[in-house]
Amino acid sequence: MKEFVANNKQLMLNYAGLWIVTSTGLFIALYFFLDFDRRLALTDALISSTLFFLFASALWFVVRFSGKAANHGYVHLPSAILAGSLVVLVWLYASKMLLSWVLPQQDVYIAFINDSLAFRAFVGIGLAAIAFLLFKVHFLLIKDAETRYRALHLEELVRKTELHALKNQLNPHFIYNSLNSISSLTHTNPAMAREMIIALSDFLRYALKQDAMQLTTLAKEIENVRLYLKVEMLRFGDRLQTSFDNISPQFANQEIPVMLLQPLVENAIKHGVQSSTAPVAIRLDIKDHGIETVLLSITNNYDSSYLRFKGEGVGLENIRNRLRLIYGNGRLLSISAADNTFTASIIIPKRDLQNAI
Amino acid sequence: MPFKAIIIDDEQPARELVKHLLAPYNQVEIVAECSDGFEGIKAIGLHKPHLVFLDIQMPRINGFEMLELLDEKDSPQIIFTTAYDQFALKAFEHHALDYLLKPLSEHRFAQAMEKAIRSLESGMHPISATLKDNQSTNYRGKYLERIVLRQGDALVVIPEETILYLEAVDDYVKIVTLQKEMLKKKTLKYFEENLNPEIFIKVHRSYLVRVDAIQKIEAYSKDSYLAFLKNGHKVSVSKAGYANLRQFFR
């Protein structure tokens with residue numbers, strides 16, 4: 001809400017500026033052109049101008065309320081004229097009263113005030129119009145800034161909430177389909193059913209409990225992907241083939257954000273296994289990528305006669321956002337599809353997790 | 001005479017579960033199990049089942065596409081079995097007998113079977129479960145991403161992005177790509193409604209054309225034009241079609 005306050009401060013400065021200009025103008029008119037005594041001219045100029053801007057500040061509320069009530073953002077003209085006239089009338093009366101009170105025994109000057117009422121009213125109307133304009137411009141500026149601020153803030157909030165809720169990354173249909181398979185196993189192989197329930201629970205525990213910013217070791221992350229694959233292999237049988245065992249021990253403690261690999265494997269299953277009648281192999285490769293980074297790649301074959309790649313899904317987008325949030329670079333994830341093979345690669349900084357959880 | 005049933009699901013344990021749940025029904029005989037939609041079509045043509053348990057998401061062609069390709073004379077009762085709840089409406093529009101969510105509940109399964117047996121025993125010919133003409137077979141997005149066809153025993157998949165134009169020919173629609181031309185028993189109106197209107201424009205009563213495929217348009221007679229496509233074909237453009245195109249390019 002910083003912008004809002006700054007805008008109001010600006011309004012007050014402008015309003016004060018208008019007051020100074022008006023007071024000076026009145027003084028110049030009275031002192032230089034009408035040849036009144038300096039004290040008289042100064043008193044009239046200051047009192048008239050100050051009173052006017054005190055009363056005219058009420059116009060701000062007219063602008064604000066009519067601006068809020070009407071969506072089109074225009075001030076309702078009749079109510080503006082009414083409010084303006086009221087301000088001018090009250091001002092004329094009050095300034096005359098106050099001046100006669102602070103300037104006793106100045107009958108000539110009081111007579112001048114009475115004579116110049118029409119002129120004063122004219123000046124008042126002009127000033128009221130200027131005040132209106134100033135308020136209006138400020139009102140629109142504030143509203144605009146507020147809208148932009150809210151939009152920006154909301155966007156950020158939504159993004160953060162989405163990212164932090166890792167459970168949104170989980171595909172509920174995976175859970176429903178797995179439970180259906182397990183339900184089937186309870187008849188054919190109850191021991192296997194129990195084993196699968198444990199695998200699914202362990203996977204869900206890992207996936208649901210952690211924050212999206214959380215880091216873990218590559219060994220733990222891969223262990224979790226294996227749990228996931230164990231459940232998926234129950235569903236797909238021989239159609240799903242995996243090789244996740246050739247991971248060199250040097251990477252066991254490599255740091256990696258939690259649940260970074262699983263969505264990529266799930267993607268491979270969705271577009272590979274679930275779209276093909278032939279077996280699909282999913283492979284994970286980990287290797288050094290220069291001195292400071294590690295390259296993780298997940299490849300799978302797919303049946304190109306039934307499937308086209310049409311941009312990226314929500315899953316990949318989510319990973320990109322997390323990489324941006326954690327490492328400040330969403331391009332650490334890249335994908336490619338060629339010769340019926342799909343590859344998703346992630347580059348992460350090479351370092352061991354300090355306090356492994 | 002027992003009722004014949006076919007189970008179509010790409011996941012073996014899921015088929016196993018349906019089989020298990022069907023075991024108490026002596027009057028139902030499982031004549032085939034299929035692991036994708038195309039096998040399903042062949043099995044349905046061969047066995048003429050009374051009842052089909054059908055998954056939606058499957059390799060090659062999905063459950064809706066399979067229904068579209070069924071012979072009109074094969075019209076089994078369809079019970080959908082899927083983990084997706086969002087296609088129930090679409091399934092019932094396709095005259096599904098029931099829509100069961102995975103994991104399957106024994107109670108709901110029994111209800112569906114009661115319905116199925118009542119309808120089969122009453123000798124009522126089941127309402128055709130083939131697709132109504134205007135139903136899209138894509139279950140993921142709003143517009144068709146591909147068109148599936150049967151050519152004898154083979155299955156042809158035409159991705160939307162390879163189609164140059166479609167032409168109404170009697171009861172069929174001719175689908176033209178760079179490599180081939182195929183006929184599908186549908187109306188042009190169906191494609192007009194289910195292909196992305198940002199990509200395909202109706203330029204004539206009988207032609208729906210991919211805008212990108214048009215190379216130039218020439219006046220042909222007073223009220224008609226001719227569009228030259230990138231495969232060398234020429235397509236008639238009516239006055240109204242020309243107006244459609246102009247609106248698109250404006």
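# Notebook: chain B of a predicted model

I began with the contacts of chain B whose partners are separated by 6 or more positions, and found that 56% of them join residues 24 or more positions apart. I note at the outset that the model is predicted.

**Entry on overall make-up.** I looked up the secondary structure of chain B and recorded 7 helices and 15 strands. I then turned to burial: of the 250 residues in chain B, 41% are buried.

**Entry on the open sheet.** I traced an open sheet of 5 strands in chain B, and its order reads β2-β1-β3-β4-β5. The pairing in this sheet is parallel. I asked which strands stand at the edges. They are β2 (28-34) and β5 (98-101) of chain B; each has a single partner strand, so one side of each lacks a neighbour in the sheet. From one strand to the next, I noted an average twist of 20 degrees.

I next examined one pair within the sheet. Strand β1 of chain B, residues 3-8, runs parallel to β2(B) and is joined to it by 6 bridges. I also found B:I8 opposite B:C34, the latter in β2(B). For background, I recall that strands of a sheet pair through backbone hydrogen bonds, in either a parallel or an antiparallel manner.

**Entry on helix α5.** I looked for what lies across the strands and found helix α5 of chain B, residues 106-121. This helix lies across β1, β3, β4 (77-82) and β5 of chain B, and runs at about 160 degrees to β5(B).

**Entry on B:L51.** I selected B:L51, which lies in strand β3 of chain B, residues 51-54. Is B:L51 buried or exposed? B:L51 counts as buried because it has 26 C-beta neighbours inside 10 Å, where 20 or more are required. Leaving aside residues up to four places away in sequence, I listed the residues that B:L51 touches: B:F3, B:A5, B:V28, B:P76, B:Q77, B:I79 and B:A116. I also checked B:I7, which is 44 residues from B:L51 in sequence, with 8.7 Å between their C-alpha atoms.

**Entry on the contact with chain A.** Finally, I looked up where the two chains meet. I found 20 residues of chain B in contact with 22 residues of chain A. On the side of chain B that touches chain A, α1 (12-22) and β7 (154-159) of chain B each supply at least two residues. The largest share, 6 residues, comes from α1(B). By residue class, I recorded this side of chain B as 10 nonpolar, 4 polar and 6 charged residues.

Key: Residues numbered from 1 in each chain as written. Chains lettered and ligands numbered in written order. Predicted model: local features only at pLDDT ≥ 70, side-chain atom pairs only at ≥ 80, totals over all residues. Contact = placed C-beta atoms within 7 Å. Helix = DSSP H or I, 4+ residues; strand = E, 2+ residues; numbered from the N terminus. Nonpolar A, V, L, I, M, F, W, Y, C, P; charged D, E, K, R; others polar. Buried ≥ 20, exposed ≤ 12 C-beta atoms within 10 Å, placed from the backbone. Pairing = 2+ DSSP bridges. Axes fitted to C-alpha atoms, helices over the stretch in contact; angles between N-to-C directions.
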